[in-house]
Amino acid sequence: MENVKLYNGVEVPVLGIGTFMISPEDTEKSVYAALKLGYRMIDTANAYMNEISVGKALKKAISEGIVTREEVFVSTKIWATMYEKETAVEETLERLGLGYVDLLFIHQPAGNFMAGYKMLEKAYKEGKARSLGISNFQGEKLERLLSESEIKPHVIQMEVHPYFTQKEIRERLSEYGTKTMGWYPLGHGDRSLIDEEIFKKLGDKYRKSSAQIILRWHTQMGFITIPGSKNPDHIRDNGDIFDFTLTSEEMEEISKLDGTKRYYHADNAQEEKYAQMHLPFEK
């Protein structure tokens with residue numbers, strides 16, 4: 001497994017198991033399988049409603065000697081309705097069964113997001129989070145967060161794939177050393193991305209699937225990528241991408257796809273709706 005180093009020195013595996021849209025029962029199975037297969041990074045969120053399952057899978061893997069807590073990088077996200085709740089971080093850690101997380105995000109640029117980020121900064125100073133992140137930020141809200149924050153985000157999580165590389169935001173954050181973690185790495189099941197001729201051609205050359213070529217592209221771009229799956233075979237195959245390297249010419253050819261398509265479009269009104277969406281476990 002390859003790692004990237006955050007600007008505070010914390011190292012993050014470039015490939016992890018994502019848990020978005022995976023049920024609690026399936027999450028526990030998927031995360032446990034991933035850890036057995038050598039994955040050392042897990043991404044979850046308050047809003048995914050499966051943090052408890054992530055914690056159970058990790059606890060099981062630790063008890064069986066598969067991993068130690070220190071070997072596994074865990075990231076999660078505080079939901080918008082929790083930004084002003086003083087106990088939000090502690091409740092998140094309790095669901096995970098952990099004393100700290102390795103990366104703590106605010107999930108949406110909605111509601112009082114600066115209060116949410118200040119809460120993250122406090123958690124970082126107290127050792128409850130080893131690094132801080134923001135998710136889905138852009139434009140004026142991103143600029144406000146950068147201007148008002150004491151600790152600049154170590155990671156931004158956003159939609160990233162060969163059709164949409166978020167170059168403008170990445171360049172804006174480069175002065176801080178902020179790394180990119182991409183969701184929808186395989187186009188959210190869009191066959192048009194998987195079926196692009198360039199990936200078929202490279203798959204034949206390297207004896208890999210199109211999905212494996214795309215995931216290798218992510219890691220060579222310097223992205224942290226978090227494909228999710230309930231299928232142990234897919235989880236295994238997604239991790240089998242470090243025995244080949246795409247050439248600079250091949251990376252350049254893939255770059256021609258950039259700007260073709262994005263899947264997530266949210267304006268300010270839609271983002272603010274998120275601030276009203278309370279989670280079932282909120283008190």
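Colleague: Is E121 buried or exposed, judged by its relative accessibility?
Modeller: In this predicted model, E121 lies in helix 4, which covers residues 113-125. Its relative accessibility comes to 3%, and since a residue counts as buried under 20%, E121 is buried.

Colleague: Leaving aside its neighbours within four places in sequence, which residues is E121 in contact with?
Modeller: The residue in question belongs to helix 4, and its neighbours within four places in sequence are set aside here. The contacts of E121 that remain are with L132, S149, E150 and I151.

Colleague: How many residues apart in sequence are the parts that the pair E150 and K125 ties together?
Modeller: The side chains of E150 and K125 meet in a salt bridge of 2.8 Å, N to O. E150 lies in the loop between helix 5 (139-148) and strand 8 (155-159), whereas K125 lies in helix 4, so the pair ties together parts whose separation in sequence is 25 residues.

Colleague: Are K141 and E271 buried or exposed?
Modeller: The side chains of K141 and E271 meet in a salt bridge at 3.3 Å, N to O. The pair links distant parts of the chain, with K141 in helix 5 and E271 in helix 12 (residues 268-274), 130 residues apart. While E150 and K125 are exposed, K141 and E271 are buried.

Colleague: What is the orientation of helix 2 and helix 3 to each other?
Modeller: Helix 2 (residues 51-63) and helix 3 (residues 88-96) pack with their axes 6 Å apart, at an angle of about 45 degrees. In their contact, E51, I52, V54 and G55 of helix 2 meet T92, R95 and L96 of helix 3, and by class this contact has three nonpolar, two polar and two charged residues. An angle under 35 degrees would count as roughly parallel, and the range for roughly perpendicular runs from 65 to 115; the two helices are therefore oblique.

Colleague: What is the orientation of helix 8 and helix 11 to each other?
Modeller: The axes of helix 8 (residues 197-206) and helix 11 (residues 248-255) come within 11 Å and cross at roughly 160 degrees. Helix 8 passes helix 11 in a left-handed crossing. The contact involves I198, F199, K201, L202, K205 and Y206 of helix 8 together with E250, E253 and I254 of helix 11, and by class it has five nonpolar, no polar and four charged residues. Angles over 145 degrees count as roughly antiparallel, and these two helices are therefore roughly antiparallel.

Colleague: Which elements do the buried residues of helix 9 pack against?
Modeller: Helix 9 (residues 210-220) is mostly covered, with ten of its eleven residues buried, and W217 and H218 are among them. After the helix comes G222, whose phi is positive, near 90 degrees. The elements against which the buried residues of helix 9 pack are helix 7 (191-194), helix 8, strand 10 (224-225), helix 10 (232-239) and helix 11.

Colleague: What is the relative accessible area of F73?
Modeller: F73 has its place in strand 5, residues 73-78. Not counting residues up to four places away in sequence, F73 touches V10, E11, V12, P13, R40, M41, I42, D102, L103, R130 and S131. F73 is buried, and its relative accessible area is 3%.

Definitions and conventions. Residues are numbered from 1 along each chain as its sequence is written. This is a predicted model: local features need pLDDT of at least 70, side-chain atom pairs count only at pLDDT 80 or more; totals for chains, interfaces and linings use all residues. Side-chain values use heavy atoms; hydrogens and water are left out. Axes are lines fitted to C-alpha atoms, for helices over the stretch in contact, and angles run from 0 to 180 degrees between N-to-C directions. Contact means heavy atoms within 4.5 Å. Ala, Val, Leu, Ile, Met, Phe, Trp, Tyr, Cys and Pro count as nonpolar, Asp, Glu, Lys and Arg as charged, and the others, Gly among them, as polar. A crossing is left-handed if the near helix is turned anticlockwise from the far one by less than a right angle, and right-handed if clockwise. Buried means under 20% relative accessible area, exposed over 50%, partly exposed in between (1.4 Å probe, protein chains only). A salt bridge is a side-chain nitrogen of Lys or Arg within 4 Å of a carboxyl oxygen of Asp or Glu.
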